[in-house]
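Here is a short tour to follow with the viewer open.

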Amino acid sequence: MRKLLTSKWFIILVTVLILIVIIGVGFIPGSPIRQMVKPVSGIASPVQAFVKNIGDMVGDARSALFDGMAIRKENEDLKEQIAQLQYALTQSEEAAIRYEELKEALHIKDTFSSYDVYGAAILSRDADEWFSVIRADAGARDGVDLASGDAYAVVDVEMSLVGRVIETDDSNSKILTLMHESFRVSCKVNEVNGAYVTCSGDAGLKKKGLCLLTDIDPDVVLEAGDVIVTSGEGGLFPEGIPVGTVESVDYSDPLNITATLKPYTDVSQLKDVFIMIPIQADAAVDDSTEATSEEAAQ
Amino acid sequence: MRRFPLRQLILYTVYILLVFCLQVSYSTEMSFLGQIPDLMFVFTVLTAYFYDFRDGAIVGLVLGLLRDCFCAPCVTGLDGTLVVTGGIGMLVLFLAAAFASSFFTGRMKRNVPFSFATVAVATIIYKVAGYLLSVLWFSLVQHTVTAMDLADFALGSLLPQLGLNLIAAIPLVFLLKFLGPYKRGSAKDKNEDKIISGEGNWVTY
């Protein structure tokens, strides 16, 4: 018996069975497995952040040493650009005042006015093509608390779609990027009455930095260069977030027209992201009530 | 009385944290042709190959746990919802350790050139198994095959990953053999513990 218990193959079998049970339990919604491993993340995160900071500092120091000439040239170009932009800004100020007047008069809403936007830095990236969820440093403590069945859109600094938050804990969020095979979002061509398509990740296209467009209506003429934005269908993502441009269209099978999409965001170069959290309807009502009562008081 | 394995504990902890931090923090900088050298996987395989199943299994389970915490795979469940899984990293790295500790025996065990062969074979098995499972899972859940076709997989995924893992194995072999958890010339280092304990026994050496 002792020989059996200390046998390598017996230990392998038992451990594999235990791990399979853990994986199975992990699939159950609200499973305690994720809660149990949270302390591990809490211990390892500071170490990982420390190593990452050292790497960033080394990178910055190297840039400071070797990029001096390039920075000086860039600085001069930027000064020129600032002068031009200053002029454009002066021109735009008057237009902005007019827009505000019209916005109030016509009840125009800002594109993402019903969303709170939280900034977060990327903490860790994918380990390989299957272990590919990335982590950002915004969690429940910062107001990013994902309820079961919800999904928050994640955008980059230029408001282009990066992916969605799939899980949060106290201090971190896990993000599924739009290149992942399991990612799907309803999109449309960014024009009046633009055609609806589905954008999803694809294992083969991921290596080329592309996504797949499917569910294309045979009557729709999709062309390379067409701009694709989120459609807002399904309610998970707000409408109008830029996703990318059509790279090529395959009409060879009329019943299954597909296209490739070049996303605007480069996931591998991301350093900071923004998480868009819909403002709850009741909170929005409260805000508007407060605003109305303040106006009345004045 | 057996001495407390302080050297092993410290060095394994340092190497595990180093490998894990590099993997999840600098994957972009290390990537080539869309693939990332899998330092965690290679380190587990080499530990099991050089220092046997017990060390490899513990390293594999710890690295797998960190992998599951920080960059877990996301899978579409049978009901269509997306689930961030837990435990797959531990299972993969534990099996890698089990394989590597049993792959070569006798004179070919703990031999530096053969360690690269072990890394190569383990990588091929991992990639092929992962590819087949993803094809199977997608066809079961989404009723479509979104995985790459076989040629794309072989040329665009398997070969670059194999090359990168073999390159990553060079510094890791150096670390484990020359700055490793066991002193040079110790029974564990010279493959003499096998003779003492016999094949198949795990806890005694």
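This is a predicted model: local features need pLDDT of at least 70, side-chain atom pairs count only at pLDDT 80 or more; totals for chains, interfaces and linings use all residues.

Strand β3 of chain A covers residues 152–155. Which way do its side chains point, and are they buried or exposed? A:Tyr152 and A:Val154 point one way, A:Ala153 and A:Val155 point the other way, and all of them are buried.

β3(A) pairs in the antiparallel sense with β4(A) over four bridges, and also with strand β12 of chain A, residues 272–278, over three bridges in the antiparallel sense.

## Two loop residues with positive phi

A:Asn193 is a residue other than glycine, yet its phi is positive, near 55°. You will find A:Asn193 in the loop between β6 (184–189) and β7 (196–200) of chain A. Is A:Asn193 buried or exposed? A:Asn193 counts as exposed because it has 6 C-beta neighbours inside 10 Å, and 12 or fewer is the cut-off for that class.

A:Asp215, also a residue other than glycine, has a positive phi near 55°. Its place is the loop between β8 (211–214) and β9 (227–230) of chain A. With 16 other C-beta atoms within 10 Å, A:Asp215 is partly exposed.

## Helix α2 and its faces

Now over to the helices. α2(A) has 19 residues and spans 27 Å from its first C-alpha to its last, close to the 27 Å expected at 1.5 Å a residue. Its buried residues are A:Ile12, A:Leu19, A:Ile22 and A:Gly26. Viewed down the axis of α2(A), these buried residues fall within an arc of 90°, so they line one face of the helix.

What do the buried residues of α2(A) pack against? They pack against α3 of chain A together with α4 (88–103) of chain B. On the other side of α2(A), A:Leu13, A:Val14, A:Leu17 and A:Val21 are exposed.

## Where chain A meets chain B

The contact between the chains takes 46 residues from chain A and 51 residues from chain B. On the chain A side, the elements that give two or more residues are α2 (8–26), α3 (32–66), β4 (161–168), β5 (173–177) and α5 (203–206). Which of them gives the most? That is α3(A), with 11 residues. By class, the side of chain A that touches chain B has 20 nonpolar, 13 polar and 13 charged residues.

Leaving aside residues up to four places away in sequence, A:Val47 touches B:Leu17 and B:Cys21. A:Val47 is partly exposed, with 14 other C-beta atoms within 10 Å.

## Chain A as a whole

Zooming out, chain A has six helices and 12 strands. Its C-alpha atoms fill a box of roughly 85 × 55 × 55 Å, taken along the principal axes. The radius of gyration of chain A is 24 Å, whereas a compact globule of 298 residues would have one near 19 Å.

Of the 298 residues in chain A, 31% are buried. Among contacts in chain A between residues at least 6 apart in sequence, 52% join residues at least 24 apart.

Terms used. Residues are numbered from 1 along each chain as its sequence is written. Chains are lettered from A and ligands numbered from 1 in the order in which they are written. Two residues are in contact if their C-beta atoms, placed from the backbone, lie within 7 Å. Ala, Val, Leu, Ile, Met, Phe, Trp, Tyr, Cys and Pro count as nonpolar, Asp, Glu, Lys and Arg as charged, and the others, Gly among them, as polar. A residue is buried if 20 or more other C-beta atoms lie within 10 Å of its own, exposed if 12 or fewer, and partly exposed in between; C-beta atoms are placed from the backbone. The radius of gyration is taken over C-alpha atoms; the globule rule is 2.2 Å times the number of residues to the power 0.38. The expected span of a helix is 1.5 Å times one less than its number of residues. The arc is that of the directions from the helix axis to the C-beta atoms. Two strands pair if DSSP finds at least two bridges between them.
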